[in-house]
Amino acid sequence: MSHKAWMKTVPTENCDVLMTFPDTTDDHTLLWLLNHIRLGIPELIVQVRHHKHTRVYAFFVTATYESLLRGADEIGLRKPVKAEFGGGMRSFSCEEDYIYENIENELYFFTSQERQNIIRYWLENLRAKQGEALHNIHFLEGQPIIPELAARGVIQQLFPLHEQRILKRLMKSWVQAVCEAQPLGTALGGWHGGSGGPGHAYPPLGPPPDEICDYFGVKIAMYFAWLGFYTSAMVYPAVFGSILYTFTESDQTSQDICCVVFAIFNVIWSTLFLEEWKRRGAEFAYKWGTLDTPAESIEEPRPQFRGIKRISPVTSAEEFYYPPWKRLLFQCLVSLPVCLACLSFVFLLMLGCFQLQEFVLSIQELPRIIRFLPKIVLAVIVTACDEVYKKIAYWLNDMGAW
């Protein structure tokens, strides 16, 4: 679309996640999926819309505040606790919702990124029942519906929507700001609110100290925190190196001494840099509630994981379970032999090409271009094997999801 056309667009209100479909999608597919979402995830509010120019259908997905609270409890979303209840960060619980900061204000309690994560979690864990099918797609019992339809091309895109008002605020306080600190916050605690998603008002206050984390999430915020710290730390070796370069004389002895001095400086600087970043990173991790959280618990379970349903002995919640002995059996009887066979094939192929190369070089009468033929054959075979092995790796990885 032209630039002028985009200028006339109006942001969609009350929508957190958008799901689009190809223009060839039939009504039966839309109604089938819409019915499954509304029955399987009653917490979601889904509006169906059609774009008259591109002829594309889309599901505009959001949820009520009460539903989001239950979702936050379900995924264990960590939220700041009021000072009178101990402060810090704690996994959200609906039974003790009164202890969390801003719980009374539904517009500011969840950031847009948190709302979208909860909705994405629900969508990706919408499971099929035994014998369900859509056209030629036959689902296994417990198989995630949304990821399978996205892989088959039935769902074109599934993505969160940006909040233009927050982006403009970030553009001024972050991108266009010169020689100013990133809006990551400098003190522990602080402002923890955010947008309630498109259509929800942003607080009429100054930019929050944790704008990047509130909008993009902890992972992206931690990356930019490290990038800013690294950029600032690089000033010291740059200044020191410039001074050495300026006062270094042209003789070899002076240059060698300066190189040794600069090398010693870099050793000391890199040590201090790493230790200071450990301290700074721990402060951010504590403030954002990920310091004592294992990495595997931050990431959501793979939507492709399938198994038998059971009650977790740890959380007492329903979960999919696959016996470890079955996974070990598959690894020993399938994964290991397949990997060894692939390695053996490549090794023998490489030996064969080397033998062919020696044979070609031993014949002096052959044209020069023919002598490069074994190398060309090896390169072509390696490229072809790479594509085949990639598919094998995907298959083994998917089978490991059981």
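Before I turn to the structure, let me start with one definition: the expected span of a helix is 1.5 Å times one less than its number of residues. With that in hand, please look at helix α13, residues 373–399, in this predicted model. Helix α13 has 27 residues, and from its first C-alpha to its last it reaches 39 Å, which is close to the 39 Å expected at 1.5 Å a residue.

Which residues of α13 are buried? They are Pro374, Cys385 and Leu396, and what covers them includes helix α12, residues 324–362. The axes of α12 and α13 come within 11 Å and cross at roughly 175°. Angles over 145 degrees count as roughly antiparallel, and α12 is therefore roughly antiparallel to α13. If we sort the residues of this contact by kind, we find 21 nonpolar, two polar and one charged.

Let me now step back to the chain as a whole. The chain holds 13 helices and 10 strands, and of its 402 residues, 35% are buried. Among the contacts between residues at least 6 apart in sequence, 64% join residues that are at least 24 apart.

Next, a second pair of helices. As a reminder, two packed helices are described by the angle between their axes and the distance between the axes. Helix α9, residues 235–247, and helix α10, residues 252–287, pack at an angle of about 170°, and their axes are 11 Å apart. These two helices are therefore roughly antiparallel to each other. On the α9 side, the contact is made by Tyr236, Pro237, Phe240, Gly241 and Leu244, while α10 contributes Cys258, Val261, Phe262, Phe265, Asn266 and Trp269. Divided by kind, the residues of this contact are nine nonpolar, two polar and no charged.

Is Trp277 buried or exposed? Its relative accessibility is 17%, and because buried means under 20%, Trp277 counts as buried. If we leave aside its neighbours within four places in sequence, Trp277 is in contact with Met222, Ala225, Trp226 and Phe229. Take Ala225 as an example: Trp277 and Ala225 are 52 residues apart in sequence, and in space they are 9.7 Å apart, C-alpha to C-alpha.

There is also a database record to set beside the model. In an unreviewed entry, UniProt places the feature "transmembrane region" at residues 223–245, 257–274 and 328–351. Over residues 223–245, the model's chain is 96% helix and 0% strand, with the end C-alpha atoms 32 Å apart. Over residues 328–351, the chain is 100% helix and 0% strand, and there the end C-alpha atoms are 33 Å apart.

Finally, let me show you two residues in loops. Arg55 lies in the loop between β2, residues 44–51, and β3, residues 56–63, and although it is not a glycine, Arg55 has a positive phi of about 60°. With a relative accessibility of 59%, Arg55 counts as exposed. Asn102 has its place in the loop between β5, residues 89–91, and α4, residues 112–124. Asn102 is not a glycine either, although it has a positive phi of about 65°, and with a relative accessible area of 34%, Asn102 is partly exposed.

Terms used
Residues are numbered from 1 along each chain as its sequence is written. This is a predicted model: local features need pLDDT of at least 70, side-chain atom pairs count only at pLDDT 80 or more; totals for chains, interfaces and linings use all residues. Side-chain values use heavy atoms; hydrogens and water are left out. Axes are lines fitted to C-alpha atoms, for helices over the stretch in contact, and angles run from 0 to 180 degrees between N-to-C directions. Helices (H or I, at least four residues) and strands (E, at least two) are DSSP runs, numbered from the N terminus. Angles under 35 degrees count as roughly parallel, over 145 as roughly antiparallel, 65 to 115 as roughly perpendicular and the rest as oblique. Contact means heavy atoms within 4.5 Å. Ala, Val, Leu, Ile, Met, Phe, Trp, Tyr, Cys and Pro count as nonpolar, Asp, Glu, Lys and Arg as charged, and the others, Gly among them, as polar. UniProt positions are given in the numbering used here, feature names are shortened, and annotations may be inferred rather than shown by experiment. Buried means under 20% relative accessible area, exposed over 50%, partly exposed in between (1.4 Å probe, protein chains only).
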